[in-house]
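This report goes through the sheets, the helix packing, the backbone and the ligand surroundings of one structure. Please look at the sequence and the model before reading on.

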Amino acid sequence: MLKFETLIMASSTLICDTEPWKELRAHVEDINKTHLRDLMNDTSRCQSMMMEFDGILLDYSRQRATTGTLNKLFSLAEAARVKEKINRMFNGERINSTENRSVLHVALRAPRDAVINSDGKNVVPEVWQVLDKIRDFSERVRSGAWVGATGKALKDVVAIGIGGSFLGPLFVHTALQTEAEAIECARGRQLRFLANVDPIDIARNITGLNPETTLVVVVSKTFTTAETMLNARTLREWISSALGPQAVAKHMVAVSTNLKLVEQFGIDPNNAFAFWDWVGGRYSVCSAVGVLPLSLQYGFPIVEKFLKGASSVDQHFYSAPFEKNVPVLLGLLSVWNVSFLGYSARAILPYSQALEKFAPHIQQVSMESNGKGVSIDGVPLPYETGEIDFGEPGTNGQHSFYQLIHQGRVIPCDFIGVVKSQQPVYLKDEVVSNHDELMSNFFAQPDALAYGKTPEQLQKENVAEHLVSHKTFSGNRPSLSILLPSLNAYNIGQIISASCEHCVKTNMPPLAIPNLKLPATFFPFVQLLAIYEHRVAVQGFVWGINSFDQWGVELGKSLASQVRKQLHASRKKGESVEGFNFSTKTLITTYLEASAD
Ligand code: F6P
């Protein structure tokens, strides 16, 4: 039995002090002697760096890594006790220690008969109670059984929310907008998202809408977020000035963990859809945060497929051995890139316009989770965590920032492609379809980055001498490719079992999620979303940080509230601007003077 002091020591040991970390540091020198041009010639290495999951092909052969690197990364994962941390997450332990909360977004998409405990209580029945309530409510709204104050059906929805209460649902909505079945289901309906407190965002989102036929969904975990609450008050006024204050009951509903504040705001608690403090905002897309607006727009059956897709990834993440575990592999490779190769950014590049909101969503999931300066025990870290995530769909990005990626800084890239287009176009006289054209770029870019172009090649092409250095590409720039079978609902036709071979071999307790009734139909883009959620967690587990709190957003919020008070005092009582440094005081004073009319 370990002594208490030993346990304390173990928990506060930083990962950078462990042998596997030191070995990886030393290993960088070996990798620096290689070039992707040569690594890509080793077919068996490439074969071992490709895997398939539910029809999704992952190719990480263009990472600056060898099988030796991967083995060292697995040892690092062991030293960081990643498996134990995954288990603790699925077991509902309070791994978000600074907020004393469990991290159970996996329970949001678990099948009805699953058992996932938080504080000894199975949370799955509550999850399904809310899902059933959403199914019922969305069917009533969609069928016209629930009507607005003037008796008209509510065909348009404005979802108000910001950060995690906005980005995930927006991503899914954008991906569904061009999906055949979803188009059918959404016919005659509109879903809009109001996030920014900028009144321009309000104007954009209510232009063309009639309050009589609009339902407003206020989405806020805390129901205190300044931007969301002001936007909610603004649309409440928009509705009540058009239809009278009693109309709010028919035209406004809420999604929150804070049902008391929902009621105080004036929304009938019967029209509130709950979630729980064990759901982090940026991990909440599978809660009522995403499920309600998306069910209103597309109907609950589509959203159910979406939940099943995420659940299949949860099963895989929980049970697959690390060498075959997609989120684990991706997470470890990201740690390798950030902490050892020193690449502090990552580009997320979907070759699909339907996935245009993927990078903004993952930007929050990743940067709010892993941008931390201290370990989970509060010890300042001597290494940096997190990466700068950004991205745009290809090929648009190619005509924007790819120049820097090819010849400037090294930025590991995630290329995401799709086999079947949601909206294929075949021109009469062209054999290569429009989607083929897009995918030609998806296949070409990773090799351009990996191989580059040498001065010798340029000389052979008779490039003018003075241009050779300008046209040289150093190559050796890492990327990974993810090929999705489609974006549409896709039948994976295989059995996913909680008692997988690996669990049996390793005596691991089987996950309390029963087998999914298959063949299951999933949206692969949702699986992608869940893969990235878990990938981010793996990175945080290795770095030894708390990926589930976000104290870094607080300081700016409280300073904004001081400024708000000052604006109020100056406008209302003519008080001069006090309590700020010279720069801020000048800026605020100028703003006040120039905006007073
Ligand atoms: O940006 C900080 C944050 O707390 C996010 O984590 C969260 O998703 C967002 O604000 C919105 O919070 P809420 O859902 O409570 O309005």
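## Terms and model

Two strands pair if DSSP finds at least two bridges between them. Helices (H or I, at least four residues) and strands (E, at least two) are DSSP runs, numbered from the N terminus.

The model is predicted: local features need pLDDT of at least 70, side-chain atom pairs count only at pLDDT 80 or more, and totals for chains, interfaces and linings use all residues. Residue numbers start from 1 along each chain, as its sequence is written.

## The six-stranded sheet

An open sheet is formed by six strands in the order S1-S2-S13-S12-S10-S11, with mixed pairing. Strand S1 (50–53) and strand S11 (388–390) are at the edges with a single partner strand each, so one side of each has no neighbour in the sheet. Direction ignored, neighbouring strands of this sheet are turned by 15 degrees against each other on average. Such angles use axes that are lines fitted to C-alpha atoms, for helices over the stretch in contact, and they run from 0 to 180 degrees between N-to-C directions.

Strands of a sheet pair through backbone hydrogen bonds, either parallel or antiparallel. S1 and S2 are paired in the antiparallel sense over four bridges, and Phe53 is opposite Ile56 in S2. S2 and S13 also run antiparallel, joined by three bridges; here Asp59 is opposite Ser481 in S13. Strand S10 (residues 345–350) pairs with S11 in the parallel sense over three bridges, and Arg346 stands opposite Asp389 in S11.

## Helices across the sheet

Helix H19 (residues 434–451) lies across strand S12 (413–420) and strand S13 (479–486), and runs at about 155 degrees to S12. Helix H23 lies across strand S2 (56–59), S12 and S13, and its angle to S13 is about 145 degrees. For these placements, two residues are in contact if their C-beta atoms, placed from the backbone, lie within 7 Å.

## Helices packed against H23

Two packed helices are described by the angle between their axes and the distance between the axes. Helix H16 (residues 326–340) and helix H23 (residues 524–543) have axes that come within 8 Å and cross at roughly 50 degrees. H16 is therefore oblique to H23. For such angles, under 35 degrees counts as roughly parallel, over 145 as roughly antiparallel, 65 to 115 as roughly perpendicular and the rest as oblique. The crossing of H16 and H23 is right-handed; a crossing is left-handed if the near helix is turned anticlockwise from the far one by less than a right angle, and right-handed if clockwise. Residues making this contact include Val326, Leu330 and Val335 of H16 and Ile531, Val538 and Val542 of H23. By class, the contact of H16 with H23 has nine nonpolar, four polar and one charged residues. Here Ala, Val, Leu, Ile, Met, Phe, Trp, Tyr, Cys and Pro count as nonpolar, Asp, Glu, Lys and Arg as charged, and the others, Gly among them, as polar.

Helix H17 (residues 358–370) packs with H23 at an angle of about 15 degrees, the axes being 10 Å apart. H17 and H23 are therefore roughly parallel to each other, and their crossing is right-handed. Ile362, Val365, Ser366, Ser369 and Asn370 in H17 meet Tyr532, Glu533, Val536, Gln539, Gly540 and Trp543 in H23. The residues of this contact divide into five nonpolar, five polar and one charged.

## The five-stranded sheet

Another open sheet has five strands in the order S6-S5-S7-S8-S9, with parallel pairing. Its edge strands, strand S6 (190–194) and strand S9 (272–274), each pair on one side only. From one strand to the next, the twist averages 20 degrees. Strand S7 (residues 214–219) and strand S8 (residues 252–256) pair over four bridges in the parallel sense, and Val219 is opposite Val255 in S8.

## Backbone details

Most residues other than glycine have a negative phi, and most peptide bonds are trans. Asp54 has a positive phi, near 50 degrees. Asp54 is in the turn of the hairpin that S1 and S2 form, with two residues between the strands. The peptide bond from Gly394 to Thr395 is cis, with omega near 10 degrees. Thr395 lies in the loop between S11 and helix H18 (402–407).

## Around the ligand

Of the 14 residues around the ligand, Gly163, Gly164, Ser220, Thr225 and Gly281 come nearest. A residue is near a molecule or strand if its C-beta atom, placed from the backbone, lies within 6 Å of it. The shell around the ligand has two nonpolar, nine polar and three charged residues.
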